[in-house]
Amino acid sequence: MLMRVFGVMAMFLFGSIAHAQSVETYVGHKRVGVDLMWFKNFKDTAGQRTPFLFFSRNRASMDYGNAPTAFGSTNAVSYNFKNGLGLVVVGSFLNAGFTPKAGVQWVKMKDNFLFFGWLVADLKEKGGIDGFGLFRYQPKINEKWKGFGQAELFPIYNPTTKTWNLTQRLRLGARHQAWAGGLMMDFNQTGQDHFTKTHNFGAFLRYEF
């Protein structure tokens, strides 16, 4: 079973790596997965960068049993103002199908700190609300090494069923040139008043192109 897990991950990884700017793979005590991220500003006819940004993120994970592979692909086009705010249109592809979304985005980068996030409304399921926030901090340790800390918060509210789906992903480790690695912790809570909770603890390895 473990070989099947890594086989599917390898197919997904090498089929998409040519289009990725960062690749992360992780091995947890319940699931293994791969995460590919890519973003780029559109250019005008003179080759100059425009305020339009394309963002793409593709994730896949499998448990060690017979559960189906969980896929997720998020692709977004945004118009970004100079203060970091932007207007964004998102297309989300999950195992359940395609969902269009639209809302606002905010990007803030300073020294070794990065924040990227958005608040969007589901245009298909009667106004479901998605929030997303990625915080990354990479303090310098010496000339070759940096620390690596990242937190992702991903709350989703469905007003039709009145349920929450709350996801938190934490990464803590070190970075050497383009490589980063360390400990990973993923958490999820789903429900209304009483939540079903899952978690996955392990290690991650990340490479930036």
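For my own record, a cavity is a set of points, on a 1 Å grid over the protein atoms alone, where a 1.4 Å probe fits but cannot get out. Grid points are joined across faces, edges and corners, and a volume is the space filled by probe spheres set on the points.

This is a predicted model, where local features need pLDDT of at least 70 and side-chain atom pairs count only at pLDDT 80 or more, while totals for chains, interfaces and linings use all residues. Residues are numbered from 1 along each chain as its sequence is written, and side-chain values use heavy atoms, with hydrogens and water left out.

**The cavity**

I read off a volume of about 50 Å³ for the largest cavity. Its lining (residues with an atom within 4 Å of a point) is made of Ser22, Val23, Glu24, Asp35, Met37, Arg57, Gln150, Glu152 and Arg206. Two or more of these residues come from each of β1 (22-28), β2 (31-43) and β9 (145-158). I noted β1 as the top contributor, with three residues. Strands here are DSSP runs (E, at least two residues), numbered from the N terminus. Sorted by class, the lining has five charged residues (Asp, Glu, Lys and Arg count as such), two polar and two nonpolar.

**Strand pairing**

Next I followed β1 to its partner: it pairs with β12 (residues 195-208) in the antiparallel sense over seven bridges. Pairing requires at least two DSSP bridges between the strands. Here Gly28 sits opposite Gly202 of β12.

I then checked β11 (residues 179-191), which runs antiparallel to β12 and is joined to it by 13 bridges. A hairpin of three residues links β11 to β12, and Gly191 has Phe195 as its bridge partner.

**The cores**

Which residues make up the largest nonpolar core? I listed eleven: Met37, Phe55, Ala76, Val88, Val90, Leu114, Phe116, Trp118, Val120, Phe132 and Leu134. A core is a set of buried Ala, Val, Leu, Ile, Met, Phe, Trp, Tyr and Cys residues joined through side-chain atoms within 4.5 Å, with buried meaning under 20% relative accessible area (1.4 Å probe, protein chains only). The elements giving two or more residues to this core are β5 (85-94), β7 (113-122) and β8 (129-137), and β7 has the largest share, four residues.

I looked up Trp118 too: beyond neighbours within four places in sequence, its contacts (heavy atoms within 4.5 Å) include Phe55, Thr74, Val104, Asp130 and Phe132. Finally, I found a second, separate core of five residues, among them Tyr26, Phe148, Met184 and Phe204.

Definitions and conventions. On a 1 Å grid over the protein atoms alone, a cavity is a set of points where a 1.4 Å probe fits but cannot get out, and a pocket is an open set with protein on both sides within 12 Å along at least five of seven lines; lining residues have an atom within 4 Å of a point. Buried means under 20% relative accessible area, exposed over 50%, partly exposed in between (1.4 Å probe, protein chains only).
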